[in-house]
Amino acid sequence: MTTSYDLIIVGAGAMGSAAAYHAAKQGAKVLLLEQYDLDHQLGSSYGQSRIIRYAYDHAAYIPLARAAFQDWAAVEAEAGETLYVKTGGIDFALPNEPVFQKIVDTLHAAGIPYELLTADEAMARFPQWRLDPDMVVLYQADAGLMRASKCVLAQVRLARQYGAVVLERAAVTDVKPSGDGVGVTTASATYTASRVILSAGAWMRRLMGALGVDLPLQPLRSHEIYFHPGDPASYTPERFPTYIGHLYSEFGAATYGIANVGGAGVKIGLHGGVNIDDPTMASREPDLSVVEAMERFAARYLPGQWSRASARVCLYTMTPDEHFIIDRHPEHPQIVIASPCSGHGFKFSTTIGRILSDLALKGESPLDIGFFRLSRFAPEQARS
Ligand SMILES: Cc1cc2nc3c(=O)[nH]c(=O)nc-3n(C[C@H](O)[C@H](O)[C@H](O)COP(=O)(O)OP(=O)(O)OC[C@H]3O[C@@H](n4cnc5c(N)ncnc54)[C@H](O)[C@@H]3O)c2cc1C
């Protein structure tokens with residue numbers, strides 16, 4: 001096999017698969033290396049669904065979301081399969097909740113259409129819900145779900161069709177800058193490339209530490225939890241919008257959910273999780289307390305019969321401000337670094353893959369990524 005490439009990508013999750021697709025489509029000779037099998041369950045990207053939405057509390061995400069809706073449509077057309085399912089989405093909160101208000105302000109400033117509903121109006125439209133009478137609700141029609149695992153696999157398939165080499169069970173043990181290029185070592189081979197993209201999810205800190213940069217990243221054990229509703233017809237994507245409940249004082253974090261797709265059940269989730277040291281060694285046993293908290297959520301806000309379907313651990317990789325890191329290594333610009341997670345990166349992943357590919361192959365991206373630079377963190381945090 002050839003050992004010399006234009007671009008090597010480390011990690012075939014949402015970000016790496018997208019970067020491989022975009023780079024190979026542009027004609028680059030690409031090698032994508034994944035330490036486990038494709039679509040494995042030990043990282044961040046596996047699953048039936050992830051929410052896609054414009055409703056953000058920071059303006060930096062609006063151009064990314066606009067691009068992502070377009071880029072996903074292009075991937076769908078090329079892959080010949082449905083990856084985005086439009087459901088509409090609601091955010092709800094008690095009055096004067098600051099994050100909710102920032103979302104309204106951001107959508108308003110960006111000219112994205114939305115509706116503000118009273119609790120009664122929302123419950124008339126979406127009778128699954130039982131909200132408190134004084135709650136405020138925002139409805140945004142474009143929100144929906146991405147078929148997460150299908151997105152990853154479709155982009156890997158397309159990348160291969162464009163000539164990319166994709167190797168599974170190929171854990172990268174060393175990345176070394178060498179002149180203008182880079183050497184990448186696995187247990188069985190050393191490859192060279194002009195550029196490398198590191199999109200290793202919860203394993204990023206270790207990889208970058210060996211390259212002299214201590215990224216301020218904290219992996220978390222989060223959960224993907226599904227319940228079967230007693231009334232399945234009310235929880236199809238046509239009838240049940242994705243939701244984010246800004247119930248910080250009640251549940252300690254945002255709650256979110258997604259309609260039943262693929263027979264998995266309704267996803268009822270809690271943002272965040274518990275810090276872990278080592279993503280490889282972290283326990284994969286779900287915490288019953290989180291499942292029970294989501295049962296309480298359902299009993300209180302989505303009245304009806306619910307039975308447990310499944311629960312699994314899924315990793316988040318958090319930055320201190322919960323915004324992404326998309327940049328180049330401060331001393332070795334041939335190394336592009338990507339940590340676009342903090343529990344909300346999937347929706348943008350095909351666009352971020354395009355950005356990463358452009359940064360690696362062209363040195364810049366037409367999309368403004370200034371907000372996501374590593375240098376926003378204190379120099380002592382960014383440098384080891
Ligand atoms: C429960 C849960 C719910 C979420 N909900 C949403 C949502 O609704 N909407 C949304 O937009 N986002 C959501 N997210 C976040 C989103 O899924 C992540 O931001 C995204 O999947 C991150 O992708 P990634 O490619 O960076 O990481 P990963 O998918 O973890 O990919 C990194 C890959 O690198 C590989 N790797 C690591 N080290 C090496 C090495 N040395 N050699 C080779 N390979 C290596 C890993 O095995 C892994 O496959 C959610 C995440 C979770 C866990």
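At what angle do helix 2 and helix 9 pack, and how far apart are their axes? Please continue from there to the surroundings of the ligand.

Analyst: The model is predicted. In it, helix 2, which spans residues 61-79, packs against helix 9, residues 349-362, at an angle of about 95°. The axes of helix 2 and helix 9 are 7 Å apart. Angles of 65 to 115 degrees count as roughly perpendicular, and helix 2 and helix 9 are therefore roughly perpendicular to each other.

The residues that meet can be named for each helix. Helix 2 contributes Leu-64, Ala-67, Ala-68, Asp-71, Trp-72 and Val-75, while helix 9 contributes Ser-349, Thr-350, Thr-351, Arg-354 and Ile-355. By class, this contact between helix 2 and helix 9 consists of six nonpolar, three polar and two charged residues.

The ligand is considered next. There are 35 residues around the ligand, and those that come nearest are Glu-34, His-40, Ser-45, Cys-314 and Lys-347. Ser-45 also takes part in a polar pairing: an N or O atom of the Ser-45 side chain is 2.4 Å from an oxygen atom of the ligand. Backbone atoms are involved as well. A polar backbone atom of Ala-14 is 3.1 Å from a ligand oxygen atom, and for Ile-51 a backbone N or O atom lies 2.7 Å from an oxygen atom of the ligand. The ligand taken alone exposes 1000 Å², of which the protein buries 97%.

Two or more residues of the shell around the ligand come from each of helix 1 (14-25), strand 3 (50-52) and strand 18 (306-318). Strand 18 supplies the largest share, three residues. In composition, the shell holds 19 nonpolar, 13 polar and three charged residues.

Asp-39 is located in the loop between strand 2 (30-33) and strand 3; although Asp-39 is not a glycine, its phi is positive, at about 60°. Glu-322 sits in the loop between strand 18 and strand 19 (325-328), and its phi, near 65°, is likewise a positive value in a residue other than glycine.

Definitions and conventions. Residues are numbered from 1 along each chain as its sequence is written. This is a predicted model: local features need pLDDT of at least 70, side-chain atom pairs count only at pLDDT 80 or more; totals for chains, interfaces and linings use all residues. Side-chain values use heavy atoms; hydrogens and water are left out. Axes are lines fitted to C-alpha atoms, for helices over the stretch in contact, and angles run from 0 to 180 degrees between N-to-C directions. Helices (H or I, at least four residues) and strands (E, at least two) are DSSP runs, numbered from the N terminus. Angles under 35 degrees count as roughly parallel, over 145 as roughly antiparallel, 65 to 115 as roughly perpendicular and the rest as oblique. Contact means heavy atoms within 4.5 Å. Ala, Val, Leu, Ile, Met, Phe, Trp, Tyr, Cys and Pro count as nonpolar, Asp, Glu, Lys and Arg as charged, and the others, Gly among them, as polar. A residue is near a molecule or strand if one of its heavy atoms lies within 4 Å of it. A polar contact is a pair of N or O atoms within 3.5 Å; within protein, one must be able to donate a hydrogen and the other to accept it, and residues adjacent in sequence count only if both atoms are side-chain atoms. Accessible areas come from the Shrake-Rupley method with a 1.4 Å probe; for residues, only the protein chains shown count as cover.
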